[in-house]
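Please keep the sequence and the model in view while reading.

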Amino acid sequence: MGKLTGKVALVTGAARGLGRVYALRLAQLGADVGIIDVNLRSYADYEAEAAVMTADTTMDEIRALGVKSAGAEADVSNKDQLFTAVKAIADALGSIDIVVCNAGGGSGAPTENSPALMDFEQFDLVVRRNLYGTAHTIAAVAPMMKQKRWGRIITVASHMGIEAGARGTYAHYSTSKAGIRHLTMAAANELGAYNITVNCIAPGYISTGRMDQSFQKRGVERFEAVTSLGRLGRPEDCAGTIEFFATDLADFVTGVTIDVTGGTVGKLGY
Ligand SMILES: NC(=O)c1ccc[n+]([C@@H]2O[C@H](COP(=O)([O-])OP(=O)(O)OC[C@H]3O[C@@H](n4cnc5c(N)ncnc54)[C@H](O)[C@@H]3O)[C@@H](O)[C@H]2O)c1
């Protein structure tokens with residue numbers, strides 16, 4: 001018996017990267033875990049992500065741990081697609097108890113998209129993917145959790161949602177992630193009466209296939225230098241906080257953001 005045996009979890013954006021590691025951690029704790037991703041084989045985009053896969057999909061990796069899994073392809077920024085996918089997962093695994101709203105990411109170069117020089121196509125794309133995607137996911141799962149009077153909603157921001165970069169760049173991403181933190185607090189106030197907690201994780205510089213390319217291009221040392229612990233984060237560093245929020249360890253914690261950055265806040269130079 002694991003701590004989450006009998007629970008049904010859903011992780012968005014879990015075909016690779018951080019979401020995949022969150023999904024595997026929840027499965028190791030005994031939950032049945034559903035996956036929603038715009039591409040359930042997105043790991044193929046990055047050699048490093050493909051190299052760590054132990055099966056054809058994250059769902060197969062979860063099943064190998066002895067629990068159930070189901071997957072659905074949907075773009076979280078599209079409300080109808082997302083609601084249809086959530087229903088498909090709930091039909092396959094049962095009503096959802098735990099959700100990690102992880103699907104997200106930026107667009108363009110880290111040195112672009114400051115407020116006065118914003119590319120509004122990219123602004124629209126990124127705000128829809130991150131902020132609307134999280135809002136859609138919360139709205140889709142909340143009715144099931146309210147009915148059970150138990151739920152754990154975990155949202156995903158970023159250190160960039162806590163602090164603006166010194167030159168104000170990547171503001172489409174940072175403002176969407178700041179919005180997620182506020183949405184988290186609002187949802188915690190709304191849903192607390194139903195014994196549903198809503199908390200947020202704000203990762204720092206975490207080594208995933210996609211981010212490693214960017215770290216290497218710009219020089220890993222530069223990112224290590226602004227991290228108190230002197231190294232890039234690993235997905236497992238973030239999975240520990242997901243486990244905390246999802247299990248009884250955090251039963252009386254709601255509306256908070258935990259930054260899992262190794263100490264970058266206050267030092268974001270770009
Ligand atoms: N890696 C980091 O350093 C870091 C730092 C701070 C925050 N984050 C956040 O953590 C989350 C995961 O980051 P990652 O590095 O693992 O990213 P990643 O790009 O490796 O993985 C993201 C996954 O989400 C899916 N996805 C993207 N847009 C989607 C959409 N519209 N609908 C459905 N699925 C979609 C992708 O197909 C992919 O499988 C993101 O929200 C990101 O903003 C990451």
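Strand E1 (residues 8-12) is joined to strand E4 (residues 98-101) by 3 bridges in the parallel sense. Two strands count as paired if DSSP finds at least two bridges between them, and the strands (E, at least two residues) and helices (H or I, at least four) are DSSP runs numbered from the N terminus. Within this pair, leucine 10 has valine 99 of E4 as its bridge partner.

The model is a predicted one, in which local features need pLDDT of at least 70 and side-chain atom pairs count only at pLDDT 80 or more, while totals for chains, interfaces and linings use all residues. Residues are numbered from 1 along each chain as its sequence is written.

**The sheet**

E1 and E4 belong to an open sheet of 7 strands with parallel pairing, in the order E3-E2-E1-E4-E5-E6-E7. Strand E3 (69-73) and E7 are the edge strands, each pairing on one side only. From one strand to the next, the twist averages 15 degrees. Helix H1 (residues 17-28) packs on the sheet and touches E1, strand E2 (32-37), E4 and E6; the direction of H1 makes about 170 degrees with that of E1. Residues are in contact if their C-beta atoms, placed from the backbone, lie within 7 Å; axes are lines fitted to C-alpha atoms, for helices over the stretch in contact, and angles run from 0 to 180 degrees between N-to-C directions.

| Strand pair | Bridges | A bridge pair |
|---|---|---|
| E4 and E5 | 4 bridges | valine 100 and isoleucine 154 |
| E5 (residues 151-156) and E6 | 6 bridges | isoleucine 153 and valine 198 |
| E6 and E7 (residues 257-260) | 4 bridges | cysteine 200 and threonine 257 |

Cysteine 200 in E6 also stands opposite threonine 155. From E5 the chain crosses through helix H6 (residues 171-191) to E6, in a right-handed β-α-β crossover. E4, H5 and E5 likewise make a right-handed β-α-β unit. Right-handed here means that, with the strands pointing away from the viewer, the path from the first strand over the helix to the second runs clockwise.

**Burial**

Why is E6 described as largely enclosed by the rest of the structure? It is so described because 8 of the 8 residues of E6 (residues 196-203) are buried. A residue is buried if 20 or more other C-beta atoms lie within 10 Å of its own, exposed if 12 or fewer, and partly exposed in between. On one side of E6 the buried residues are Ile196, Val198, Cys200 and Ala202, and on the other Thr197, Asn199, Ile201 and Pro203. E5 is also largely enclosed, because 6 of its 6 residues are buried.

The largest nonpolar core has 65 residues, of which Val11, Tyr22, Ala23, Leu26, Ala31 and Val33 touch the most other members. Such a core is a set of buried Ala, Val, Leu, Ile, Met, Phe, Trp, Tyr and Cys residues joined through C-beta atoms within 7 Å. Beyond its neighbours within four places in sequence, tyrosine 22 contacts Val11, Ala14, Val100, Asn102, Ala239 and Ile242.

**The ligand**

Among the 28 residues around the ligand, Gly13, Gly17, Leu18, Ser42 and Gly104 come nearest; a residue is near if its C-beta atom, placed from the backbone, lies within 6 Å. H1, helix H5 (120-148) and helix H7 (209-218) each give two or more residues to this shell. H1 gives the most, with 3 residues.

Methods: Contact = placed C-beta atoms within 7 Å.
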